[in-house]
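Please examine the sequence and the three-dimensional structure shown here.

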Amino acid sequence: MISTSAERIWSALSLAVGLLAAVVALHSDDLQFAVLFLFVQCAVFGYARPERPWRWACLVAVGIPLSLALNAAVTLPSPRELGFPARLFLAPLVVFFRAPAAVKFADIPASCLALIPALAGAYAGAWMNRIVRAPA
């Protein structure tokens, strides 16, 4: 596999979108919004880089199980419990990645189902790219 700087940038961008998907999944009571977010974002990545679209789905969807595992393994403090220097730098991370409700380890395997809408979106985006670029 040839790894160019453009591929590294796209991979880093997809991981950042995966972290955003994790924040959406943690703080949204509506599961449909998180699924739609995954589908649309992976469709964008699949359309932009249609070769091997499964990698975009994996890179974006991995954020949700990892965020649940982090919340189940580590009890993140409230931002008000942090001291001054830590509050300045860590409070935004704690606010975004702290689950409002307690997370159990039993919830983590079910969160791996987030890969299904991510794969559907990535392959739909790749398919749309092939339709748009097909010779007439």
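How many disulfides does the structure hold? There are 0, a disulfide being a pair of cysteine sulfur atoms within 2.5 Å. Cys-42 is in no disulfide, and its nearest cysteine sulfur, that of Cys-58, lies 9.1 Å away. With 0% relative accessibility, Cys-42 counts as buried (buried means under 20% relative accessible area, exposed over 50%, partly exposed in between, with a 1.4 Å probe and protein chains only). Cys-112 is likewise in no disulfide; the nearest cysteine sulfur belongs to Cys-58, at 11 Å. Cys-112 has a relative accessible area of 45% and is partly exposed.

This is a predicted model, in which local features need pLDDT of at least 70 and side-chain atom pairs count only at pLDDT 80 or more, while totals for chains, interfaces and linings use all residues. Residues are numbered from 1 along each chain as its sequence is written, and side-chain values use heavy atoms, with hydrogens and water left out.

Leu-38 is placed in helix α2 (residues 31-48), helices being DSSP runs (H or I) of at least four residues, numbered from the N terminus. Leu-38 counts as buried, at 2% relative accessibility. Not counting residues up to four places away in sequence, Leu-38 touches Ala-21, Val-60, Ala-61, Ile-64, Ala-114, Pro-117 and Ala-118; contact means heavy atoms within 4.5 Å. Leu-38 and Ala-120 are 82 residues apart in sequence, yet 9.4 Å apart in space, C-alpha to C-alpha.

In the helix pair, Leu-19, Val-23, Leu-26 and His-27 of α1 meet Val-95, Phe-96 and Phe-97 of α5.

Technical notes
Helix = DSSP H or I, 4+ residues; strand = E, 2+ residues; numbered from the N terminus.
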